[in-house]
Amino acid sequence: MVILAGPGSGKTATLTVKIMTLLQEIKYPQGLACVTFNNDAVIEFRDRLKKMGLQLRRNIFLGTFHSFCMWDLLRPFGRIYFPNLPFPLKIASNEVRLKCFKKAQELTGYSSITMNGMQISRRKKCDTDFQINKTMEKFILCYISLLRHLKMIDFDDLTEFALKLMQKPLVQKIISAKYPWFLIDEYQDLGPILHQIVIILLTCTNTKICAVGDMDQSIYKFMGADPKYIQELSNHEKTRTIHLRLNYRCCQKIIDGSLIILQPSETREYVSRTDYANAGEIKIEYKPKGFNYQIKEIIDNILPQLHNLSFSDREIALLYLDETDAKKIIPILNAAKIKFQGSRDLRYKRTFYIRWLESIAKWVLGHRGGTGIYFHELVKTWLYLLELAGKSINTTNRLKEIQNFYRVIVSRPNLNFYQWVESIARSLKIISVLKKGGQFPDEVKAFRTLIKQSSPNQPLAEITLEEFAGYGKHSDSITLTTLHSSKGLEFDAVIIPGLEQGRLPHYKSIDDPEERRKFYVGFTRPRKYVYVLYSGWYEAYGKIYEKGPSQFITELLDSLNP
Amino acid sequence: MPFHISKVSIQNYRNFHDLSVDLFQKTVLVGENGSGKSNFINALRLVLDPSLPDTERYLEERDFWNGLSSPMQNKKEIIVSVEFQGFLDNDSMLCILGDFLISEDTARVTYRYFPNNRNEYEFIIFGGLEGENNFDYRVRKDIPLQILPPLRNAEHDLSQWRRSPLKPLINRFKFDNTDLSDLAENLNVLRNTIGNIPEINSLQTQINTRINSMVGENYSVNTSIGIGSTDTAKLIKSLRLYVDEHLTREIGEESLGICNVLYIALLMLNIESQEQLKEIVAIILAIEEPEAHLHPHLQRLVYRDFFLRTSPLILTTHSPHIVSVSPIKSLVNLKKTKSGTRGFSSAQLDISLQQIQDLERYIDATRGEIVFAKGVILVEGIAELYLVPRFAEILEIDLDASGITVCSAHGTDFKPYVKFLNSLGIPFVIITDGDPEIQHTGYNRCLKLIRLTNENAALKFEKCSKSLQIQLFTYYNIYMNESTLEKEIGTLNKDTFLQCFNDFGKRSDTLTKLDTALNTLTKKDSVTYLLTKIEEIGKGRFAQRLASYDLITPKYISKAIQSIVKWIKNS
């Protein structure tokens with residue numbers, strides 16, 4: 001089953017209900033797998049399902065596609081089919097990958113190859129439409145052998161080996177025995193390798209597929225994603241497609257506007273199913289004095305306007321394109337004392353285990369009740385980490401470890417944040433445990449950075465434990481995030497500055513429909529108000545480009561004022 | 001083959017230094033006392049038994065193989081691993097065992113007891129090739145090793161609700177409480193009726209008065225006499241099994257044998273219903289010495305039934321009656337050696353289905369004798385069956401006391417026996433005829449047997465002279481004569497032969513002819529004549545008679561007997 005679901009149609013809700021219904025029928029030891037693309041989605045899924053009364057058990061998999069590849073394919077079958085891989089598998093951190101990449105450049109002399117180019121080539125290899133050239137092939141071989149020399153694999157290896165394993169009949173048999181249902185969220189974000197895995201499940205096993213996605217929101221081309229994969233799945237003879245056309249988020253004006261931007265080849269027939277379907281507004285603002293001035297305008301005029309409409313700050317989002325934009329925006333906001341937060345917090349990286357630390361903070365401050373966070377879940381994650389780090393947990397030492405964990409996290413919550421995080425990390429030896437686990441190079445880095453950044457005179461020195469836990473200040477700040485990361489979020493009002501031709505669409509990919517989709521995603525986040533700002537020119541790398549407003553703005557204006 | 005344990009390896013645990021045995025769908029463990037049969041089961045429990053508390057998985061110095069000196073100081077490890085096969089066509093089992101594969105058709109679970117980096121001993125139980133994949137309590141519950149408790153207390157257990165195997169069977173049902181309270185009401189009426197019988201009533205009063213006078217009102221209790229409780233929950237608990245259809249004959253009145261059969265039947269019913277309700281994915285049943293208190297015929301009946309079940313079964317036994325009904329490939333022989341107990345298994349026995357059937361029938365008919373033997377003398381037929389023990393007696397060797405069994409192949413096809421005895425590690429010698437006159441001479445047959453273990457030797461022997469071949473065969477425990485048994489014995493015991501023929505009432509002219517024949521046994525015709533005359537009586541009958549006389553033993557036979565005795569002594 002393929003569910004093609006437009007913005008605001010309740011994809012996640014549909015999927016969670018489907019999971020709960022399926023689990024009424026599927027009996028232990030069989031279960032189901034529900035894979036999503038990133039950890040945020042995993043956390044949201046788990047929370048929702050937990051509230052609906054789901055009890056996790058063996059053979060119920062809720063996680064990212066990558067962790068599925070690791071835990072359900074490579075871990076049980078890797079040693080049998082690829083005895084030469086360096087077990088236990090360690091995943092290379094970004095630094096290690098970069099080191100190998102640079103060394104490969106040095107060794108091969110192919111200095112024009114970029115990291116991104118290499119990744120795309122590796123990911124797209126199995127796509128029949130994709131041609132890989134000899135130079136690249138050689139380069140990749142060199143890179144991989146360098147990585148193996150360090151006894152590591154990277155995420156692309158992970159999916160590649162997972163696909164190879166999935167081609168083995170025995171593996172297919174076991175996976176389909178464990179998972180009579182396989183559900184995938186955000187299918188449009190899948191790259192060719194993961195798509196192949198789904199196609200194998202669909203064609204070679206009895207596992208039933210339920211994929212949810214929206215090809216219009218496919219904006220991860222740089223990671224190998226392509227809307228054609230969900231199209232292919234939807235057109236497959238073994239699937240049936242359901243369209244969700246009702247939009248429970250946006251007012252009709254925004255829906256209509258978004259479709260002008262998107263210019264889909266087939267009509268979408270999306271209808272607003274909200275109390276405020278006929279309310280709301282698209283505001284297109286011409287601010288000729290450039291990007292920084294647009295931000296000032298937002299602070300001086302747009303935010304007050306929105307406050308007048310009695311929207312609270314946490315229901316307002318400011319969406320931007322990339323890190324360069326963020327560097328311009330943040331100082332201006334800070335100067336105006338506008339509080340903001342990143343959906344992925346801009347001040348520190350919210351990895352899976354950093355979020356776990358946030359939950360610990362929340363539990364500690366919430367006096368252990370009413371927070372929806374339970375000690376047994378916190379400690380479970382910890383024991384699991386310990387096991388990964390090679391410590392065997394059994395009845396006798398289990399209790400000891402639990403007591404120790406409890407003692408550490410309840411002690412001295414009145415410390416300032418830096419002291420708190422430092423003392424917890426030190427007492428539990430979190431970093432060394434993560435290191436021994438071998439699979440979390442980025443987690444190690446994230447913890448190190450968090451501790452360093454929160455030490456005196458560092459950027460996070462002022463953060464409080466309450467803030468870290470998500471209490472207090474957070475609720476009255478606006479959201480600042482990229483168009484990419486805004487996917488899946490919703491607000492009352494969204495402001496998108498910098499809509500200049502050459503920026504969006506990017507001057508290198510003017511005719512790429514993905515540029516439309518990127519804007520479309522941002523445009524469909526608000527319930528009622530969307531503000532777009534343009535100057536007709538922009539500055540990049542010290543140069544001024546005067547290419548007029550984004551063509552999307554022109555198109556919008558044309559259709560709104562014919 | 002359906003789901004089963006296909007291999008067990010044990011290192012440094014109790015009797016076992018380094019054991020590795022292949023197992024069949026069913027496993028029947030034999031071996032003398034102290035060879036480690038119970039410890040084999042204990043080792044399996046470390047890995048698979050969900051009812052074994054983890055504290056029992058922390059072993060002590062004395063749990064290490066006693067050939068190791070200060071094992072814990074020397075950081076020795078105890079490792080028990082169990083391999084499974086036959087689960088590929090069952091989705092539920094795939095769901096569980098699919099995570100623990102070591103090859104495309106085998107899953108493995110390993111218990112490891114080892115010193116950690118703080119030098120404290122701890123254990124892990126993991127599946128698959130390496131230790132990343134925990135095999136936890138939940139999985140142990142899915143594929144449990146269930147130990148059938150010893151039958152000694154069957155009667156006692158059956159009469160107590162708490163321990164009765166009837167309890168889980170009844171608890172499976174959800175009774176309608178209103179039905180039960182109606183019943184209880186009826187029972188209450190009856191109870192009151194009994195309580196109102198004047199004699200009972202007055203006894204009740206007497207008891208209460210006596211208590212009162214003894215301890216005073218404050219400590220006194222009011223008693224009543226009645227039949228059973230009317231509490232609905234207790235009503236169920238008061239259910240008992242009776243051994244006749246009139247609810248009169250109680251368990252205690254029945255013989256121990258019947259009690260045991262009842263007990264086993266209830267336990268099996270419980271296991272089977274758990275399997276049917278899919279409460280467990282697969283159950284592995286282990287039974288220690290199930291023969292206790294069971295009549296031989298009941299043993300055969302009960303265990304024939306057990307062997308027909310599809311689920312894996314492991315039992316230890318000393319009972320020939322159980323071995324005699326065991327599938328031929330299910331036998332595992334544990335033998336004590338200086339370097340720890342070794343295991344010999346017939347699971348991989350490479351013989352045809354017909355040969356399996358024949359061998360099973362032989363073992364059934366002889367009540368599994370060769371399986372328990374310390375050594376076996378394989379012979380061709382009934383004549384040797386009478387004569388070999390007699391020759392041993394003459395050599396002053398007590399075959400029974402040495403644990404040696406003479407086994408007749410009823411022909412010259414020793415191959416299945418040789419393979420079977422080899423697989424179980426049971427020493428054996430073969431006594432056979434050279435039969436130079438027939439197409440498949442003894443020489444060819446022996447070379448074929450040797451080829452089973454040593455292809456090269458067989459090829460080399462082929463080129464040697466016949467007399468040298470006979471000598472060489474003895475290195476492979478084959479003792480062959482040059483012609484036939486009767487000729488060999490006849491040559492050495494002419495007068496005794498004539499005496500035997502006389503005993504059977506042969507006429508004097510026949511005896512004269514036989515005398516001539518016996519004196520000229522180098523001639524073909526003489527041998528033929530002798531054999532015809534023996535066959536008129538019957539080879540077995542003749543040998544039986546012969547055995548009652550003093551005999552001179554042919555050298556090849558005495559060598560064979562002495563060799564097997566020496567072998568057993570040395571091992």
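Guide: A residue is buried if 20 or more other C-beta atoms, placed from the backbone, lie within 10 Å of its own, exposed if 12 or fewer do, and partly exposed in between. This is a predicted model, where local features need pLDDT of at least 70 and side-chain atom pairs count only at pLDDT 80 or more, while totals for chains, interfaces and linings use all residues. Residues are numbered from 1 along each chain as its sequence is written, and chains are lettered from A and ligands numbered from 1 in the order in which they are written.

Visitor: OK, which residues of H12(A) are buried?

Guide: A:Phe291, A:Gln294, A:Ile295, A:Ile298, A:Ile302, A:Leu303 and A:Leu306.

Visitor: Where does H12(A) bend?

Guide: At A:Ile298, by about 40°. That's the angle between axes fitted to the seven residues ending there and the seven starting there. Just after H12(A), A:Ser310 has a positive phi of about 60°.

Visitor: Which other residue of chain A has a positive phi without being a glycine?

Guide: A:Asn59, with phi about 65°. It's in the loop between helix H2 (39-51) and strand S3 (60-64) of chain A.

Visitor: Is A:Asn59 buried or exposed?

Guide: A:Asn59 counts as buried, because it has 21 C-beta neighbours inside 10 Å. Over in chain B, His410 has a positive phi too, near 50°, but B:His410 is partly exposed, with 13 other C-beta atoms within 10 Å.

Visitor: New topic: how many residues of chain A are in contact with chain B?

Guide: 21 residues of chain A, meeting 24 of chain B. Helices H3 (65-81), H8 (169-178) and H16 (395-410) of chain A each give two or more residues to that side.

Visitor: What about cis peptide bonds, where is one?

Guide: One runs from A:Tyr28 to A:Pro29, with omega near 5°. A:Pro29 is in the loop between helix H1 (11-25) and strand S2 (32-36) of chain A. Another cis bond joins A:Leu504 and A:Pro505, with omega about 0°.

Conventions
Helices (H or I, at least four residues) and strands (E, at least two) are DSSP runs, numbered from the N terminus. Two residues are in contact if their C-beta atoms, placed from the backbone, lie within 7 Å.
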